[in-house]
Amino acid sequence: MNTSASSRELVSTQNGEVPQLPKHKVKIKKPGQRACNEANDKGKFCGGHLKRWFYAADVLEQECGCVEKAWGSEREVYRCEFCQTLYLPSPEDERGMNVAGPGQLSIFGFVPKERK
């Protein structure tokens, strides 16, 4: 990783798949993924919940500011509650679907609203 880049530049990963930010590790969320799959130096998975992160309102991120400079203020981003790894939504996920998944159909005969 390029450590001499300014906070406004995106830094490419070694494999070139996901653009990295200088102060944050960034990954792509797999379809339906709800837990962090980042491994520590011993090879153990983190397993923290992925939660929607509203970085524009985060006081600590406002000091850093590299996420908002790179992606704007309205980007959909998820963050691990333990290791703080950032996850971008998967392009294969349905738009507007809850991070927990689509849910189940009612056994009482109710018909769910059509998804847009």
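**Close-up views of a predicted model**

Gln84 is partly exposed, at 34% relative accessible area (buried means under 20%, exposed over 50%, partly exposed in between; 1.4 Å probe, protein chains only). The model is predicted: local features need pLDDT of at least 70, side-chain atom pairs count only at pLDDT 80 or more, and totals for chains, interfaces and linings use all residues. Residues are numbered from 1 along each chain as its sequence is written, and side-chain values use heavy atoms, with hydrogens and water left out.

**View 1. Gln84 has a positive phi.**
The angle is about 65°, although Gln84 is not a glycine. Most residues other than glycine have a negative phi. Gln84 sits in the loop between strand E5 (78-80) and strand E6 (86-88). Helices (H or I, at least four residues) and strands (E, at least two) are DSSP runs, numbered from the N terminus.

**View 2. Tyr78 is a buried residue of strand E5.**
Its relative accessibility is 6%. Lys29 lies over the face of Tyr78, at 5.0 Å from the ring centre. A charge sits over a ring if NZ of Lys or CZ of Arg is within 6 Å of the ring centre and within 35 degrees of the ring normal. The side chains of Tyr78 and Glu76 make a polar contact of 2.5 Å (a pair of N or O atoms within 3.5 Å; within protein, one must be able to donate a hydrogen and the other to accept it, and residues adjacent in sequence count only if both atoms are side-chain atoms). Pro89 is eleven residues from Tyr78 in sequence, and their C-alpha atoms are 7.6 Å apart.

**View 3. Trp53 and Tyr55 form an aromatic pair.**
A search of the whole structure finds one such pair. The ring centres are 5.8 Å apart and the planes stand at 55°, so the pair is tilted. Rings of Phe, Tyr and Trp (its six-membered ring) pair if their centres lie within 6.5 Å; planes under 30 degrees apart count as stacked, over 60 as edge-to-face and the rest as tilted. Both Trp53 and Tyr55 are buried.

**View 4. The largest nonpolar core has eleven residues.**
Trp53, Tyr55 and Trp71 are among them. A nonpolar core is a set of buried Ala, Val, Leu, Ile, Met, Phe, Trp, Tyr and Cys residues joined through side-chain atoms within 4.5 Å. Helix H2 (66-71) and E6 each give two or more residues to this core. H2 supplies the largest share, three residues. A second, separate core of five residues includes Cys36, Leu50, Cys80 and Tyr87.

**View 5. Arg75 lies over the face of Trp71.**
The distance to the ring centre is 5.3 Å. Trp71 also belongs to the largest nonpolar core.
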